[in-house]
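Q: Please take a close look at a single chain of this model and describe how it is built and how it meets its partner.

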Amino acid sequence: MFIRPTAALAAFLLAGAAPYARAAEKPTDPQIAHIAYTAGTIDIEAAKLAIKKSRTKEVVDFAKDMERDHEAVNKQALDLVKKLKVTPEDNATSQALAKAAKEERAKLAKLKGAAFDKAYIENEVAYHKQVDSALETLLIPSASNTELKSLLETGLKIFQGHEQHAEHVAGALK
Amino acid sequence: MRASLLPLLAALTLALVASPALAATIELTIDKLVFSPASVEAKVGDTIEWTNKDVIAHTATVKGGWEVTIPPKSKGRITLKQAGAVDYFCRFHPNMKGHLEVSP
Ligand SMILES: [Cu+2]
């Protein structure tokens with residue numbers, strides 16, 4: 001699930017994390033802010049779909065947790081960029097993520113019942129894993145503003161928590 | 001049925017008499033998904049109070065036991081009723097872990 005955003009992030013990661021990567025391949029702070037915000041929005045949209053479609057309490061509760069946390073983090077990101085007078089800058093990675101997520105949501109929208117629950121939760125595990133790995137190896141090391149870096153570091157801990165939470169829910173569904 | 005009420009009443013009376021004199025409030029903070037201090041010692045009757053400095057909600061959850069919800073920029077508390085050592089975690093972010101040593 002979410003194969004496309006995963007591939008997009010992986011490609012982005014490889015390009016940026018190569019040992020002799022040119023400076024131009026490292027995302028700038030305005031781009032990092034945009035990517036982080038976009039990644040959050042994608043999870044909020046997926047959560048909204050799950051809240052609407054799922055009839056399983058554990059899944060709906062989890063989706064509500066995702067919606068609440070990612071909205072809080074995204075609000076904090078917006079407050080920070082405003083304070084720093086940074087304008088988030090759209091970029092190829094954000095666009096690839098958004099496009100792939102839209103396709104994935106369309107796929108999920110066609111599923112029902114247990115098949116939807118399973119696909120959504122497996123998605124959540126995989127998606128958070130990918131975002132965490134991108135944060136850890138590329139976005140955090142590339143961030144130059146210390147406040148942005150610190151927000152991303154807290155974000156990483158939150159999303160690592162989500163990954164474990166999603167794994168628990170996935171285990172409970174079996 | 002009547003016989004089983006007695007020990008309950010006795011325990012209740014004992015708790016009422018014993019706790020006000022000794023009870024303390026132990027303050028913990030949550031900052032950037034870390035319970036601090038991570039491990040505390042307390043007594044039955046003490047209150048544990050978590051202050052959440054994060055912008056997201058957390059819980060202090062004991063598997064198969066109690067759960068306290070700690071809203072963002074807010075506090076959550078529990079009065080300890082049972083002696084023993086317990087591990088707790090945040091149900092929303094299971095990577096957050098804490099430990100309580102509760103003596104009688
Ligand atoms: Cu938490």
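The answer below concerns chain B and its interface with chain A.

A: The model is a predicted one, and local features are reported where pLDDT is at least 70. Chain B consists of 104 residues, 37% of which are buried. Its secondary structure comprises one helix and nine strands. With regard to contacts within chain B between residues at least 6 apart in sequence, 47% link residues at least 24 apart. The accessible surface of chain B amounts to about 6200 Å², and carbon and sulfur atoms hold 62% of that surface.

The interface with chain A may be considered next. On the side of chain B, eleven residues take part in contacts, and they meet 16 residues of chain A. The size of an interface is often expressed as the accessible area lost when the parts come together. For chain B and chain A, this buried area is about 1200 Å², with 59% contributed by carbon and sulfur atoms. By class, the residues of chain B that touch chain A are seven nonpolar, two polar and two charged.

Methods
Residues numbered from 1 in each chain as written. Chains lettered and ligands numbered in written order. Predicted model: local features only at pLDDT ≥ 70, side-chain atom pairs only at ≥ 80, totals over all residues. Heavy atoms only, no water. Contact = heavy atoms within 4.5 Å. Buried area = accessible area lost by both parts, 1.4 Å probe. Nonpolar A, V, L, I, M, F, W, Y, C, P; charged D, E, K, R; others polar. Helix = DSSP H or I, 4+ residues; strand = E, 2+ residues; numbered from the N terminus. Buried < 20%, exposed > 50% of the residue type's maximum accessible area, 1.4 Å probe, protein only. Areas by Shrake-Rupley, 256 points an atom, 1.4 Å probe, with all protein chains shown as cover.
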